[in-house]
Amino acid sequence: MAVPKRKTSKSRKRMRRSHHSAASTALQACSRCGSPRLPHRVCGSCGYYAGKKRLPVED
């Protein structure tokens with residue numbers, strides 16, 4: 001079994017893990033109601049996508 005020659009330092013470990021952060025989700029404002037929604041998805045608050053009613057939404 002291979003054995004590492006040197007211990008990985010805290011600095012090396014932290015530099016390697018600096019790229020592991022999760023990317024934030026990009027939200028857009030709905031053109032109809034203005035509430036935040038994911039791009040290319042139906043708006044959950046008004047049910048519209050691309051200017052057409054796609055989902056029935058209860059008030």
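This is a predicted model: local features need pLDDT of at least 70, side-chain atom pairs count only at pLDDT 80 or more; totals for chains, interfaces and linings use all residues.
**View 1. Surroundings of Ser35.** Ser35 sits in the loop that runs between strand 1 (28–29) and strand 2. Beyond its neighbours within four places in sequence, Ser35 is in contact with Gln28, Ala29, Cys30, Cys43 and Ser45. With one of these residues, Ser45, the side chain of Ser35 forms a polar contact of 2.7 Å. Ala2 lies 33 residues from Ser35 in sequence, and the C-alpha atoms of Ala2 and Ser35 are 55 Å apart in space.

**View 2. Backbone at His40.** His40 belongs to the loop between strand 2 (36–37) and strand 3 (48–49). The phi angle of His40 is positive, about 65°, although the residue is not a glycine. His40 has a relative accessible area of 66% and is therefore classed as exposed, the cut-off being over 50%.

**View 3. Backbone at Ala50.** Ala50 is placed in the loop between strand 3 and strand 4 (52–53). Ala50 is a residue other than glycine with a positive phi, near 55°. Relative accessibility is 63% for Ala50, so this residue counts as exposed.

**View 4. Arg32 and the ring of Tyr48.** Arg32 lies over the face of Tyr48. The distance from Arg32 to the ring centre of Tyr48 is 4.0 Å. As for pairs between aromatic rings, the count in this model is zero.

How values were computed. Residues are numbered from 1 along each chain as its sequence is written. Side-chain values use heavy atoms; hydrogens and water are left out. Rings of Phe, Tyr and Trp (its six-membered ring) pair if their centres lie within 6.5 Å; planes under 30 degrees apart count as stacked, over 60 as edge-to-face and the rest as tilted. A charge sits over a ring if NZ of Lys or CZ of Arg is within 6 Å of the ring centre and within 35 degrees of the ring normal. Helices (H or I, at least four residues) and strands (E, at least two) are DSSP runs, numbered from the N terminus. Buried means under 20% relative accessible area, exposed over 50%, partly exposed in between (1.4 Å probe, protein chains only). Contact means heavy atoms within 4.5 Å. A polar contact is a pair of N or O atoms within 3.5 Å; within protein, one must be able to donate a hydrogen and the other to accept it, and residues adjacent in sequence count only if both atoms are side-chain atoms.
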